[in-house]
Amino acid sequence: MKCFYYLLGLTFLFSFLILYSPWTSEPTNNLTFRQSFPLPKEDFCDLSSGHWVRDLRGSQYTNESCSSIPETKNCFKYGRKDTDFLKWRWKPDNCELPRFDPRIFFDIVKGKTMAFIGDSVARNHVESLLCLLSLVEVPLSTYRDDDDRFRTWHFPENNFTVMVLWTRFLVMGEERIINGKNSDSFDLHLDKLDKNWTSKLPEMDYAIISDVHWFYRRHFLHDNENMIGCIYCSEPNIKSYTVEFALERVIRLVLNYINECKECKSLVTLLRTGSPAHFENGAWNTGGNCNRTSPFQESEISLEGIEWRLRNMQVDEIKRASKVKKKGKRFAILDVTKAMLMRPDGHPDSHWDDKWMKGYKDCVHWCMPGPIDAWNDFLMAVLKRYAPISIPRKISE
């Protein structure tokens with residue numbers, strides 16, 4: 001019996017040293033430790049309902065190990081000193097969310113094409129994915145347009161292609177020019193999709209769609225060639241609409257189009273919910289900042305603001321599309337809103353290359369590495385629901 005308690009004590013001590021060793025607090029690309037978790041199932045595990053918990057392992061890559069981090073997201077290069085914001089992971093209430101494992105991800109997407117469709121925050125998501133996948137294979141850049149808005153990367157060893165298709169609104173939008181200058185106000189056509197991304201849709205196996213931030217401006221709404229109203233304006237004889245109205249019309253149009261697309265066979269469409277900005281003490285152009293260094297507690301966020309209303313609308317639209325889905329089409333939500341509402345510490349703030357916007361703080365995009373890497377934990381967990389049953393279920397932890 002004494003021997004049993006002696007061995008038990010040694011086991012506990014060894015486990016404690018492994019768990020709390022200072023090595024575990026450093027960013028790592030070590031993929032040799034693997035731990036099995038139950039595969040999240042849609043009927044019992046809501047990945048979006050949870051909280052952030054301490055994780056001393058830190059990020060899986062660094063701004064030195066990943067060469068593709070853009071200057072605008074390279075917060076450590078531009079002076080950020082604190083690292084505590086890297087030592088948290090998202091913990092769903094009813095299950096574990098496995099840490100992203102590039103080998104498992106490649107097993108799922110081998111031979112496929114994945115496109116991220118949206119604005120610069122969608123690009124931010126792609127950039128995070130590229131850094132994580134580069135732990136196993138560095139991609140080749142195979143296409144880049146003159147404005148660096150449309151990009152394609154290929155991973156030849158895994159025959160996997162990633163595309164980013166930039167679009168402000170998903171629908172057609174023309175900026176109004178006033179006195180020869182850009183007005184930052186657009187005419188949005190709620191019944192006309194942007195062909196720059198729809199033309200590529202038949203090439204895709206996975207489409208990750210997102211859009212929110214560009215709608216928070218003064219825009220004029222058009223339907224069937226007629227102007228029906230505007231957002232954020234108080235002009236006489238023009239009906240005022242909300243952001244929710246416009247974005248709901250756009251998301252429904254997008255999902256209906258995908259459902260009816262005859263060339264889009266076996267397409268998995270994921271709608272990523274909005275990630276909030278965290279400006280404090282002003283807006284982006286009035287001195288606002290976001291210099292916090294730790295997450296919010298759940299009691300510090302509101303689930304009644306516009307971000308949450310837009311999130312609820314997007315969830316409802318995915319449910320609606322799923323009910324009427326056509327043969328071969330599959331729809332799912334990539335619900336990151338609550339998780340990101342709690343991460344005011346993850347933005348560049350002043351730690352970015354702001355050569356085009358001198359003096360402005362960035363509280364919209366996300367540092368890399370940073371909380372945005374959790375989006376790929378979500379992505380892998382959701383994609384596993386559509387993966388062949390032969391895909392292994394042991395995930396790097």
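Biologist: Hi! What should I know before I start?
Modeller: The model is predicted, so local features need pLDDT of at least 70 and side-chain atom pairs count only at pLDDT 80 or more, while totals for chains, interfaces and linings use all residues. Residues are numbered from 1 along each chain as its sequence is written, and side-chain values use heavy atoms, leaving out hydrogens and water.

Biologist: Is Phe100 buried or exposed?
Modeller: Phe100 is buried, with a relative accessible area of 0%, and Phe105 is buried with 0% too. Buried means under 20% relative accessible area, exposed over 50%, and partly exposed in between (1.4 Å probe, protein chains only).

Biologist: Which residues are in a cluster with them?
Modeller: Ring pairs link Phe100, Phe105, Phe106, Phe155 and Phe160 into a cluster.

Biologist: New topic: charges. Where does Arg80 lie?
Modeller: Arg80 lies over the face of Phe85, 3.6 Å from the ring centre. The charged end of Arg217 sits over the ring of Trp214, at 4.0 Å from its centre. The rule asks for NZ of Lys or CZ of Arg within 6 Å of the ring centre and within 35 degrees of the ring normal.

How values were computed
Phe/Tyr/Trp six-rings, centres within 6.5 Å; stacked < 30°, edge-to-face > 60°.
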